[in-house]
Amino acid sequence: MYRNHALLWLPRYVTVVVACTAALLLLGACSNGPLLDEVTLSAELFTPAEGDQPLTISYRVGRDATVDIYLLDVTGGRYDLRRAQFRPADPDPYVLRFDGTAPTDDPEILRRMLPPGDYQLIVAAQAADSQRAEQRLALRIAGQELPLPTIENLAVLPGSISPNA
């Protein structure tokens, strides 16, 4: 009697084990790709004032990750282009167009042109399991440093502006 009972459950047990093993293998295959891959720049030398074409930074994320993209100058100054941006895994590359400016902490000057010089572009990704990946590329920004424009003796006329005037 026990022998027949065991034989009834054996096919179900084998089916469950095979299904779980297949699911684990499938999940493992999805996460075996590199966390961060194919980081490229459209050029190693970028002159922002010349032409309308921004520099293209592309990268591929093989698993869901939080991504930081920033530049380091020769003194260690950091210029964030993207900070803690969630990116789902995608076989197609993500693209960031860089115009030579970076955000600032100043509430009045939101972006500022980076000075000419040598930089390291860093693209860093962190997965939910805390695995990190980072790739660095050299970038030279050419041209002349442009000072911020100054506005002096600004006058607004008429002194009062009204929609009913």
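Strands S9 and S10 form a hairpin with four residues between them, and Ser-130 in the turn has a positive phi of about 75 degrees; strands are DSSP runs of E of at least two residues, numbered from the N terminus. The model is predicted, with local features requiring pLDDT of at least 70 and side-chain atom pairs counted only at pLDDT 80 or more, while totals for chains, interfaces and linings use all residues. Residues are numbered from 1 along each chain as its sequence is written, and side-chain values use heavy atoms, with hydrogens and water left out.

S9 and S10 run antiparallel and are joined by ten bridges, two strands being taken as paired if DSSP finds at least two bridges between them. Within this pairing, Asp-118 has Arg-140 in S10 as its bridge partner. Strand S9 (residues 117-127) also pairs in the antiparallel sense with strand S4 (residues 65-73), over nine bridges, and Ile-122 in S9 is the bridge partner of Tyr-70.

Most residues other than glycine have a negative phi. Glu-38, however, which lies in strand S1 (residues 36-41), has a positive phi near 55 degrees. A positive phi of about 50 degrees is likewise found in Asn-153, which lies in the segment after S10.

The segment after strand S10 (132-141) also holds Ile-151. Together with Leu-154, Val-156 and Ile-161, Ile-151 forms a nonpolar patch on the surface, with about 510 Å² of accessible area in total (Shrake-Rupley method, 1.4 Å probe, only the protein chains shown counting as cover for residues; patch members have over 30% relative accessible area and no salt bridge, nonpolar side chains (Val, Leu, Ile, Met, Phe, Trp, Tyr) being joined within 5 Å and like charges within 9 Å; a salt bridge is a side-chain nitrogen of Lys or Arg within 4 Å of a carboxyl oxygen of Asp or Glu).
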